[in-house]
Amino acid sequence: MDRKKIESLVNEHETPLLVIDHDKIRKNYSEFRKKLPRVQVYFAVKANSEPKIIKTLYDMGASFDVASLPEFNLVFNMVKYLEPEALQDFIWNKIIYANPVKKPDSLHVLNLYKPLLTYDSVEEMRKIKKHCPDAGLLLRLKVCDEGSVVKFSNKFGIDPKLAVDLIGETIKEGLEVEGISFHAGSQCNNPDNFIKALRSVAEVFAEAEKRGLEIGEKRTSDHAIKIVDIGGGFPAQYNGNENCFGKLTEMINRELDKLFPRENTAIIAEPGRFLVANAGTAISKVVLAKHSTEMPCYHIDDGVYHTFSAIIYDHFEPNLETFKKGEKIKCKVFGQTCDGLDELSENSYIHNSKDAFLPKLEDGDLIYQENIGAYSNASATNFNGFPPAKIIHINE
Ligand SMILES: Cc1ncc(COP(=O)(O)O)c(C=O)c1O
């Protein structure tokens, strides 16, 4: 975003701001569709659940991955005016509840809509059988997430060696297993994670077939359509040194065509950050510039408890910019709360924190951070009574 635009938004709205550019979201969605033409795109709402973002992606034809009943309701609110049959079709075909652990009362509500759900244990399967027996199920596999910035394999996914037994048990309980899902780790800079995971899925399908277990659904044809859910993980370009989306998707496409025939497999994905990370720019103001200290210290009106919570929860590495000219000097940048942890520059509390370098700033100068549209406002708090940054949507 250019200087004129940032300054005019600040004049109109004051700081702190998080500006979301919907042109970028549309561009990201189109690029994803173009590079992975076989894949139905379920936006992972958790990355940024702003209703206007959901609306933009809905208008583009996206589907949605939700992790909780409130996220389900955000999407539901957009489609609740549809005729009952169209509403049911939308929920069945375009929403996945992809949290492998669900509360019974949520399942109870969801059962009304015959939802698509993920699970990864016999215990969750039994809970689904009791509270949401009309669901379609995807079994989530544990896969390699080496080289991915945010990992999930410590928490989710069944060992592929045990998967077919659980599929058998699930079918025996009278539930429908629609397919397999995995997540190769968020901001995945290692394409091999996807390739290995796809091969594991193919092996599970082959073993299930050998044992006579039918995976998939026969709604639209006489043979079952299996779902392969390749999760999220598609890397956003933060500093330019990330793995290239083009190369990753070429490898995925090649593997998909090798392993999964088009006529009996539907491929879906749950990208979050890829669709929204580069659409967000945080703008804050220096509240106090200290030059009497050993190193310049800038206290700003956003911070680690707010938009920059991405540093803690998403391993985000800030790259702060300003409009001031001059030599960039090593400095400290602090958030607005009373906690020592609330520092955006290198500090002993946050293991991935990095030194900050900025030209000499004074009170009232602006600082901005690009590429902070994913997992940022999503985890902002009201700590110390400071509300999260105001969200401004442009190019809606
Ligand atoms: C089940 C699931 N799907 C999709 C995503 C989105 O991942 P990403 O933002 O890396 O695309 C996540 C992230 O936590 C997830 O847990």
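Me: Taking a crossing as left-handed if the near helix is turned anticlockwise from the far one by less than a right angle, and as right-handed if clockwise, is the crossing of α8 and α9 left-handed or right-handed?
Reply: In this predicted model, α8 passes α9 in a right-handed crossing. The axes of α8 (residues 160-172) and α9 (residues 191-210) come within 10 Å and cross at roughly 40°. An angle of that kind makes α8 oblique to α9.

Me: Which residues in α8 and α9 meet there?
Reply: From α8, the residues are P160, A163, V164 and I167. Their partners in α9 are S200, E203, V204, E207 and A208. The contact of α8 with α9 has 6 nonpolar, 1 polar and 2 charged residues.

Me: Moving on to α2 and α3, at what angle do their axes cross?
Reply: The axes of helix α2 (residues 22-35) and helix α3 (residues 51-59) cross at roughly 40° and come within 10 Å. The two helices are therefore oblique to each other, and their crossing is right-handed.

Me: What residues make that contact?
Reply: H22, I25, R26 and Y29 of α2 face I53, T56 and L57 of α3 in the contact. By class, the residues of this contact divide into 4 nonpolar, 2 polar and 1 charged.

Me: And how do α3 and α4 pack?
Reply: Helix α4 (residues 69-79) packs with α3 at an angle of about 55°, and the axes are 10 Å apart. α3 and α4 are therefore oblique to each other. The crossing of this pair is right-handed.

Me: Which residues make the contact, and how do they divide by class?
Reply: P51, I54, K55 and Y58 come from α3, while L74, V75 and M78 come from α4. The contact of α3 with α4 divides into 6 nonpolar, no polar and 1 charged.

Me: Let us step back to the whole chain. Into what domains is it divided?
Reply: Domain 1 takes in residues 3-18 + 278-394, and domain 2 covers residues 22-276. Their C-alpha centres lie 34 Å apart.

Me: How many residues of each domain are in contact?
Reply: On the domain 1 side there are 15 residues, in contact with 18 residues of domain 2. Strand β18 (residues 390-394) supplies the largest share of the domain 1 side, 3 residues. That side of domain 1 divides into 6 nonpolar, 8 polar and 1 charged residues.

Me: What about the ligand: how many residues surround it?
Reply: The ligand is surrounded by 16 residues, and the closest are A44, S186, G232, E270 and G272. The shell around the ligand has 6 nonpolar, 6 polar and 4 charged residues.

Me: One check on the backbone. Is the peptide bond between T15 and P16 cis or trans?
Reply: A cis peptide bond joins T15 and P16, with omega at about 0°. P16 lies in the loop between α1 (3-13) and β1 (17-21).

Me: And what about H315: is its phi positive or negative?
Reply: H315 has a positive phi of about 55°, although it is not a glycine.

Me: Where does H315 lie?
Reply: H315 is in a loop, the one between α12 (309-313) and β14 (321-322).

Notes
Residues numbered from 1 in each chain as written. Predicted model: local features only at pLDDT ≥ 70, side-chain atom pairs only at ≥ 80, totals over all residues. Domains from an automatic or database assignment. Contact = placed C-beta atoms within 7 Å. Helix = DSSP H or I, 4+ residues; strand = E, 2+ residues; numbered from the N terminus. Nonpolar A, V, L, I, M, F, W, Y, C, P; charged D, E, K, R; others polar. Axes fitted to C-alpha atoms, helices over the stretch in contact; angles between N-to-C directions. Parallel < 35°, antiparallel > 145°, perpendicular 65-115°, else oblique. Left-handed = near helix turned anticlockwise from the far one by under 90°. Near = placed C-beta within 6 Å.
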